[in-house]
Amino acid sequence: MADSKVQILGPVPAQHAEVVTDDALGFVAELHRHFETTRRRLMDARKRRQTEIDAGATPDFLTETRAVREGDWRVQLAPADLTNRRVEITGPSSSRRMVINALNCGAQVYMTDFEDAHSPAWLPTLDGQLNVRDAYRRTISDEAADGRQYRLNDETATLCVRPRGLHLMERHVLVDGEPVAGSFFDFGLTIYHNRVAQQSHDTGPYYYLPKLQSYLEARLWNDVFNYAEERLDIPRGSISPTVLIEHILAAFEMEEILYEFRERPAGLNLGRWDYIFSVIKVFNNRPDMVFPDRAQVTMATHFLTSAAHLLVNTCHRRGAHALGGMSAFIPRRDDEAANEAAFAQVRSDKQREADQGFDGAWVAHPGLVPPVLDVFQSAFSTDNQLSVIPEVRIAPDDLLAVPEGQITEAGLRNNVSVALQYVDAWTRGNGAVAIYGLMEDAATAEISRSQLWQWIRHGASLHDGRPVTTELYRQVRAEEAAALVEQRGQENAGSLDKAVELLDEIVLSEDFIEFLTLPGYRYLD
């Protein structure tokens, strides 16, 4: 029976009615009614914590959870299809063909995304739900205009789902007159529709959890999982979360986050791009925390190396997988020399992670699966490196060390151009965009626009001595926008208007805007 207090404010085409069912929406409504108050309290806690940092507080490991860090406990063993995670590919859930290709590409895991690689317009979000359902049932298929057929291979990657972060709402669904959290909507529909298919195909409900900032947020998710398992008759502890450590505050609570999930298989992933963005965001009012060009903030910098060592140590001491960062390079068909140079960088990056003890890492393109797989296969012969527990001593200063480097005009222009191109694509429904040979998503766009805001706010100077001012930004933005329009010709020339408007809003705002997706949501259908 339909819940009369659940309202759908967007269209539901016939094919999408199969996932937006009364029963499934009723379950989403249950999640909202049970957990929305806690979610809001945690979002308020984020604001209070930020206020404390703005007033001069410095993050540190928590004294009240020392017993957790010193205790003797482990997470549950990973299920068979999550034991080997050498290569994990990521991509948007809304593209049917991309879902098929990702599952077929030879990676061990495919994380289908409702978050940073997804533009959360209403119909693409429903497309993603339909694609996830059909993928779990192994009925997903697609046909190209030239008649080529796309279907699943006999062996495919293990499917994981990344719902939206706790801060994002799904404005098209109201429960008791209030918008439902996007995380509850994404999780609720995928777990409700796919639990039977998962069991029948010897897999399980596996999720990636983004944007967590504290162990209390992990506790909320664990409570949601417990509720779903009991309500939907799923064996207790079946839901397996991998938490993205992509916020500087979460780095100080890695162990506590795992502890909240100790009764189920769990792992951690170092989300490098969002992690960089989070440091700029959290310390946005501090002139001593100004970062150099994005290209100079590599995983070899001290604060990122420290986070990597701490994550591997934390995970392996607790029996959890440790997953490395994203290789965003996109191979080209017309430039083998460029490909070889890029592949060499990718191999070097992944060799460093393998040497640090990571059990695997992410790629954004199927063409990167073979070289990254080769690195991790050569690094260890077992399914993973859980037995490798590096000895590390990481202090707060290690995690907060500002990378050295310069701010260049090229870096300024790259930030403007990347942000414009990504925001333009995002407002038109595409959350994963190939720009200058890299797969960009919301996280990398966030770095670009946050650096622009930071450089202007604190009067940073380019390496040639020129200050980064509002006027310089406006000049560069106008030039880069004009260049993009000229490159495109007449095709979509006017669509940059929204991107320019939004980028100006978030770069020139007096206060730092937490996520570009929040004001950007108004441009989506």
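Student: How many disulfides does the structure hold?

Tutor: The structure, which is a predicted model, holds zero disulfides.

Student: What makes S9, H6 and S10 a unit?

Tutor: Strand S9 (residues 206-209), helix H6 (residues 215-231) and strand S10 form a right-handed β-α-β unit. S10 covers residues 240-245, and its pairing with S9 is parallel, over four bridges. Two strands count as paired from at least two bridges, so four bridges meet the rule. Within this pairing, Tyr-206 is opposite Ser-240 in S10.

Student: Which way do the residues of S9 point?

Tutor: Tyr-206 and Tyr-208 point one way, Tyr-207 and Leu-209 the other way, and all are buried.

Student: Why is Lys-211 called buried?

Tutor: Its relative accessibility is 7%. The cut-off for buried is under 20%, so Lys-211 counts as buried. Pro-210, with a relative accessible area of 2%, is buried by the same rule.

Student: What does Pro-210 contact, leaving aside its neighbours within four places in sequence?

Tutor: Pro-210 is in contact with Glu-115, Arg-162, Pro-163, Arg-164, Gly-165, Leu-244 and Glu-246. As for Ile-245, its C-alpha is 7.8 Å from that of Pro-210, while the two residues are 35 apart in sequence.

Student: Which other residue has a positive phi although it is not a glycine?

Tutor: Arg-138 has one, of about 65°. Arg-138 lies in the loop between helix H4 (122-137) and strand S4 (141-143).

Student: Why is Arg-138 called partly exposed?

Tutor: Its relative accessible area is 32%. Buried is under 20% and exposed is over 50%, so a value in between is called partly exposed. Arg-138 therefore belongs to that class.

Student: Which residues have the most contacts inside the largest nonpolar core?

Tutor: They are Phe-187, Ile-245 and Tyr-275, in a core of 123 residues. Helix H1 (residues 22-54) gives the largest share of this core, 10 residues. Apart from it lies another core, of 39 residues, among them Val-290, Leu-462, Tyr-473 and Ala-481.

Student: What does Tyr-275 touch, not counting residues up to four places away in sequence?

Tutor: Among the residues that Tyr-275 touches are Ile-245, His-247, Leu-270, Phe-303 and Leu-399.

Student: How many aromatic pairs are there?

Tutor: The count comes to 20 aromatic pairs.

Student: Why is the pair of Phe-187 and Trp-221 called edge-to-face?

Tutor: Ring centres must lie within 6.5 Å to pair, and planes over 60 degrees apart count as edge-to-face. Here the centres are 6.0 Å apart and the planes are at 85°, so the pair is edge-to-face. Phe-187 is in helix H5 (residues 182-200) and Trp-221 in helix H6, so the pair ties together parts 34 residues apart in sequence. Phe-187 counts as buried at 0% relative accessibility, and Trp-221 is buried with a relative accessible area of 1%.

Student: What makes the pair of Phe-329 and Phe-343 edge-to-face?

Tutor: Their ring centres are 5.9 Å apart and their planes at 85°, so this pair is edge-to-face. Phe-329 lies in the loop between strand S12 (321-327) and helix H11 (336-356), and Phe-343 lies in H11. Phe-329 counts as buried at 13% relative accessibility, and Phe-343 is buried with a relative accessible area of 12%.

Student: Which residues do ring pairs link into a cluster?

Tutor: Phe-187, Tyr-207, Trp-221, Phe-225 and Phe-261 are linked in this way.

Conventions. Residues are numbered from 1 along each chain as its sequence is written. This is a predicted model: local features need pLDDT of at least 70, side-chain atom pairs count only at pLDDT 80 or more; totals for chains, interfaces and linings use all residues. Side-chain values use heavy atoms; hydrogens and water are left out. Buried means under 20% relative accessible area, exposed over 50%, partly exposed in between (1.4 Å probe, protein chains only). A crossover is right-handed if, with the strands pointing away from the viewer, the path from the first strand over the helix to the second runs clockwise. A disulfide is a pair of cysteine sulfur atoms within 2.5 Å. A nonpolar core is a set of buried Ala, Val, Leu, Ile, Met, Phe, Trp, Tyr and Cys residues joined through side-chain atoms within 4.5 Å. Contact means heavy atoms within 4.5 Å. Rings of Phe, Tyr and Trp (its six-membered ring) pair if their centres lie within 6.5 Å; planes under 30 degrees apart count as stacked, over 60 as edge-to-face and the rest as tilted.
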